[in-house]
Amino acid sequence: MSMKASPGDIPQYLSIKAQLQAHIESGALKCGDKLPSERELCGRFNTTRITVRESLAQLEASGLIYRADRRGWFVTPQRLWLDPTQNTNFHQLCHEQGRVPRTRLLSGALHTVPLEVMASLQLQPSDQIYLLKRLRYADERAICYCENYCLPARVPELLRHDLNGSLTEVYQRHYHLCYASMHLSFYPSAMPRPAAQALGVMEGRPTLLLRRLNYDQYGRVLDLDIEYWRHDSLRIEVDTH
């Protein structure tokens with residue numbers, strides 16, 4: 001991977017960014033490839049670490065690279081694409097796109113329903129809810145932190161089951177319930193602390209927030225999912241005819 005110094009009329013951090021981006025877009029650096037270390041880039045471009053880090057930060061903001069703690073910078077994998085009109089769970093979505101999914105349960109407990117989700121779930125202040133905090137991986141890269149608010153009336157003794165996988169399958173196998181419809185909203189937001197810590201990113205970094213209110217085959221509210229996706233990991237596409 002050859003690199004050259006920047007022309008004098010272009011800020012050096014932009015020149016470095018452009019050259020690295022060209023290597024990524026040409027395929028010289030492929031998805032999952034590790035970039036040269038910051039020290040090596042400083043030597044190649046005869047510049048300071050501050051300048052190199054500004055270039056890398058620009059590429060990260062564009063979703064082209066990401067940083068893994070203590071391992072360096074890597075070219076970002078292809079984004080998963082989601083069609084909200086299709087009733088597809090995370091594990092199925094990954095398999096269909098040639099990715100290897102994994103879900104890890106971080107915590108699960110019975111709580112008094114939080115005020116901010118009470119109305120959506122049609123509950124009262126004294127009602128309780130199962131709150132699951134889970135981390136989703138594609139090809140062993142953590143890309144989504146998810147909070148699942150599950151109704152004990154629909155799924156009693158939920159915590160007795162293995163929740164390190166698809167909730168869809170748990171609902172079907174143990175409760176004969178399935179997702180039939182949903183209300184979905186999504187918008188850019190800032191990564192809150194619990195999600196940032198789980199995903200290994202800085203609090204306040206951009207995230208795509210998905211909020212799904214799911215209904216079962218009988219038209220009843222089944223659960224509420226609040227998902228925080230890494231900004232470089234998902235794209236949403238919808239076909240209308």
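How many salt bridges are found across the interface of domain 1 and domain 2? In this predicted model, the rule finds one salt bridge across that interface. Glu60 and Arg205 form a salt bridge in which the closest N and O atoms are 3.2 Å apart.

Six residues of domain 1 are in contact with six residues of domain 2. Between them, the two domains bury about 500 Å², and 39% of this area is on carbon and sulfur atoms.

In the whole structure, the search finds 13 salt bridges. One of these joins Arg49 and Glu38, with the closest N and O atoms 3.8 Å apart. Arg49 belongs to helix α3 (residues 49–61) and Glu38 to helix α2 (residues 38–45), so this pair ties together parts that are eleven residues apart in sequence.

The largest pocket holds about 370 Å³ of space. Residues from both domain 1 (12–75) and domain 2 (80–236) contribute to its lining, and the largest pocket therefore lies between the two domains. The lining comprises 18 residues; Tyr66, Ala68, Arg71, Arg141 and Ala142 are those that lie nearest the centre of the pocket. At least two lining residues are supplied by each of β1 (65–68), β6 (141–150) and α7 (193–199). Of the contributions to this lining, that of β1 is the most, at three residues. Eight residues of the lining are nonpolar, eight are charged and two are polar.

Two cavities of 30 Å³ or more are counted by the rule. The volume of the largest cavity is about 270 Å³. This cavity is lined by 23 residues, and Thr88, Asn89, Phe90, Arg136 and Asp225 lie nearest its centre. Helices α4 (90–96) and α6 (167–175) each supply at least two residues of the lining, as does each of the strands β5 (128–138), β7 (179–190), β8 (206–216) and β9 (221–230). By class, the lining of the largest cavity has eleven polar, seven nonpolar and five charged residues.

The second largest cavity contains about 40 Å³ of space. Its lining consists of Pro77, Gln78, Arg99, Ala138, Arg141, Ile143, Asp232 and Ser233. These residues divide into three nonpolar, two polar and three charged.

Note on methods. Residues are numbered from 1 along each chain as its sequence is written. This is a predicted model: local features need pLDDT of at least 70, side-chain atom pairs count only at pLDDT 80 or more; totals for chains, interfaces and linings use all residues. Side-chain values use heavy atoms; hydrogens and water are left out. On a 1 Å grid over the protein atoms alone, a cavity is a set of points where a 1.4 Å probe fits but cannot get out, and a pocket is an open set with protein on both sides within 12 Å along at least five of seven lines; lining residues have an atom within 4 Å of a point. Grid points are joined across faces, edges and corners, and a volume is the space filled by probe spheres set on the points. Helices (H or I, at least four residues) and strands (E, at least two) are DSSP runs, numbered from the N terminus. Ala, Val, Leu, Ile, Met, Phe, Trp, Tyr, Cys and Pro count as nonpolar, Asp, Glu, Lys and Arg as charged, and the others, Gly among them, as polar. Domain bounds come from an automatic or database domain assignment. Contact means heavy atoms within 4.5 Å. Buried area is the accessible area (1.4 Å probe) that two parts lose on being put together, summed over both. A salt bridge is a side-chain nitrogen of Lys or Arg within 4 Å of a carboxyl oxygen of Asp or Glu.
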